[in-house]
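Please look over the structure shown below, and then read the briefing that follows, which is grouped by topic.

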Amino acid sequence: FFYLEKHQELFNLMREFYISGEPVYEILIENYLRSKGDDGNSIGELIKAGSHIEGNILFYCKLLKDIYLWLQLEEKCNTTLRACHNYNPYLIRDGIPPTKLISNLSLELMEITSDVLDTKDNSYGGALDELLWIKENRGIIPGIKSGYSYFDKLNRGFDVSEYILLAGRTSMGKTCFMLNLAHNIVNNDISVGILGLESTLKKLYMRLVCKETRFDMDTFYSLNCTDENINSAISKLGEIGTLNLHIEEVHGISIMELKAKAISLKKKHDIKILFIDHLGEIFAEGKSVFEQTTFISKQLKSLTMEMRIPVVAVCQLNRKAPDREEKEPRLSDLRNSGELEQQADKVIFIHRPNYYLKPDDKYKSDEAGHPENMQIIIAKNRDGKTGLVNLKYHDLWGLVTDYKNKEEREKMVKNCENT
């Protein structure tokens, strides 16, 4: 923030005193400087000059930040203006395309504000605040709760700046589980963002309606669909519309454009968690698929750090994996697994054993919706436990719930295993 080096030195010294718990007094600073071989005169003069504005210190601190922001804003805007002047729409290779300029400018503006807003009061990166919070909130899950009790216990919620991969093979229910997570979270009055790269906005909302009305999609498009069914669905859609759930349909965009979209969602709606459906629909520059995947993974991880929120990306597993005898997913099943696994803080697999059985052998519950067992496997958890969670999956409705009790869970798991 400072133009003169002496001002920067004085600020850093005062900050060190503050962090260590020492009072920031003029005499203590001068004594410290002399103990280090400095006469303290030059910085001492600055302290004396500053003592006259003690009553307005908050005003001057705000003024200092504002001037810094103006200078940074001027620099970034001038750079963009120069690029605009150099752009020639008739020469494809001449200049930077407008869409890329907008994406770059959005990211640069986000970096400017994060420099000011993310300044920490101590040098422990927030660890001290975390420990004090734990002291006052023993036994409480620190991150954003998923709505599934045992899953939250293992996962400890979705925490700030976490990059989570939600992976599964084709037709395992990846998008379904993502929507259930998002809906559970938003019902706790937490702002949620979804960037849908694979499905249309209409289909995503229809899935949510099916989940809430307990109707399957075929019901709506059949002759048996009644006015009562439609009215119930419209009512549920209206309820969903009042929630702090922000879904955007985006197709065929680059990772930089996606980052700009995500930052825009954060600024407009102050989202606390972002879901991306899905990773395979994002493109990036690179000679090989591995290079593209590497770049996308690193950019998504950096996005979580910039926005200070968890980002959950849906991911497709390798299609060849089901050929082996053991169908349970592994970390090596991730496409270009090395880079994806390295960047992710958590890797969560979705697995349905019932899916691989022959039609006649599949378990069919007599319960409404014909639920089956869905396994949520936490295969990697950088700061916590790994393990398996069994949930109740209603394929017809696109609904995923906790079991009512331990007995119900054990009965369902046993029935599925016996088929």
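At what angle do helix α12 (residues 255-269) and helix α13 (residues 289-307) pack, and how many Å apart are their axes? In this predicted model, local features need pLDDT of at least 70 and side-chain atom pairs count only at pLDDT 80 or more, while totals for chains, interfaces and linings use all residues. Residues are numbered from 1 along each chain as its sequence is written, and side-chain values use heavy atoms, with hydrogens and water left out. The protein chain has 15 helices and nine strands, where helices (H or I, at least four residues) and strands (E, at least two) are DSSP runs numbered from the N terminus.

**Two pairs of packed helices**

- The angle between α12 and α13 is about 20 degrees, and their axes are 10 Å apart; axes are lines fitted to C-alpha atoms, for helices over the stretch in contact, and angles run from 0 to 180 degrees between N-to-C directions.
- The helices α12 and α13 are therefore roughly parallel to each other, given that angles under 35 degrees count as roughly parallel, over 145 as roughly antiparallel, 65 to 115 as roughly perpendicular and the rest as oblique.
- Residues of α12, including I255, L258 and A262, meet residues of α13, among them F295, L300 and L303, where contact means heavy atoms within 4.5 Å.
- By class, this contact of α12 with α13 has ten nonpolar, two polar and three charged residues; Ala, Val, Leu, Ile, Met, Phe, Trp, Tyr, Cys and Pro count as nonpolar, Asp, Glu, Lys and Arg as charged, and the others, Gly among them, as polar.
- Helix α1 (residues 5-20) packs with helix α2 (residues 26-35) at an angle of about 105 degrees, with their axes 11 Å apart, and α1 and α2 are therefore roughly perpendicular to each other.
- In that pair, L13, M14, E16 and F17 of α1 meet L28, I29, Y32 and L33 of α2, a contact with seven nonpolar, no polar and one charged residues.

**Buried residues and nonpolar cores**

- Of the 419 residues in the protein chain, 40% are buried, which stands for under 20% relative accessible area, whereas exposed is over 50% and partly exposed is in between (1.4 Å probe, protein chains only).
- The largest nonpolar core has 43 residues, and F158, L166, F177, L245, F275 and I376 are those with the most contacts inside it; such a core is a set of buried Ala, Val, Leu, Ile, Met, Phe, Trp, Tyr and Cys residues joined through side-chain atoms within 4.5 Å.
- Helix α8 (residues 174-186) gives the largest share of this core, with eight residues.
- A second, separate core has 36 residues, including L258, L279, L303 and L317.

- V400 has its place in strand β9 (residues 399-401), and it counts as buried at 3% relative accessibility.
- The C-alpha atoms of V400 and L179 are separated by 9.5 Å, although these residues are 221 residues apart along the chain.
- Leaving out residues up to four places away in sequence, V400 touches several residues, among them Y148, F177 and Y393.

**Backbone details in loops**

- The peptide bond from D277 to H278 is cis, with omega near -5 degrees, and H278 is in the loop between β4 (273-277) and α13.
- S161 is not a glycine, yet has a positive phi of about 65 degrees; at 9% relative accessibility, S161 counts as buried.
- D270, in the loop between α12 and β4, has a positive phi of about 50 degrees although it is not a glycine, and D270 is partly exposed, with a relative accessible area of 38%.
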